[in-house]
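Hi,

Here is the structure I promised to pass on to you. Have a look at it first, and then read my notes below.

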Amino acid sequence: MAYFKDAQEVYETIGKLFTDLAADEEMGPKFRAANTILQYDYREPESKITLRLQEDGPADVDFGETEMEPEVVMSMEADTAHLFWLGKVNVTTALARGQIKASGPVAKILKLVPLTKPVYPLYKEQLEAQGRQDLVNAA
């Protein structure tokens with residue numbers, strides 16, 4: 001069974017995580033140092049989250065269609081993304097198994113990977129604060 005019933009739930013959970021990170025005084029600049037536009041292209045349910053991660057600009061986050069042109073695209077099931085942000089999916093293994101597909105400059109993708117680990121507990125805390133214990137327990 002899928003964790004999310006529709007794109008709106010993806011945006012309210014994973015999307016909120018990215019919006020909060022963009023505004024975070026400590027984490028935001030670290031992600032913007034990647035100097036790229038990153039898009040997460042999810043399926044089941046179909047949804048897209050696009051992030052402008054550039055040192056000299058705002059950290060924009062768009063849900064759904066966007067004017068931003070992504071340089072890096074990460075494609076996966078929304079369930080895989082959810083489990084990833086809970087720290088339950090190893091990105092290298094998921095890429096090797098085809099659970100996550102990445103396109104764009106490898107160097108930029110690799111620059112983002114070490115930044116994700118400190119986000120795992122933040123995502124869990126956010127879900128708990130949203131009363132989404134079902135999503136925390138589903139993992």
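A quick definition to start: buried means under 20% relative accessible area, exposed means over 50%, and partly exposed lies in between (1.4 Å probe, protein chains only). This is a predicted model, where local features need pLDDT of at least 70, side-chain atom pairs count only at pLDDT 80 or more, and totals for chains, interfaces and linings use all residues. Residues are numbered from 1 along each chain as its sequence is written, and side-chain values use heavy atoms, with hydrogens and water left out.

The chain has an average pLDDT (the predictor's confidence in each residue, from 0 to 100) of 93, and 99% of the residues score at least 70.

Now the salt bridges: a side-chain nitrogen of Lys or Arg within 4 Å of a carboxyl oxygen of Asp or Glu. The whole structure holds seven of them. In one, Asp134 pairs with Arg132, and their closest N and O atoms are 2.8 Å apart. Asp134 is partly exposed at 42% relative accessibility, whereas Arg132 is buried at 16%. Through shared partners, salt bridges link Lys5, Glu9, Arg132 and Asp134 into one network.

Arg52 also forms a salt bridge, with Asp60, the closest N and O atoms being 2.8 Å apart. Here Arg52 is partly exposed at 22%, and Asp60 is partly exposed at 27%.

Enjoy exploring!
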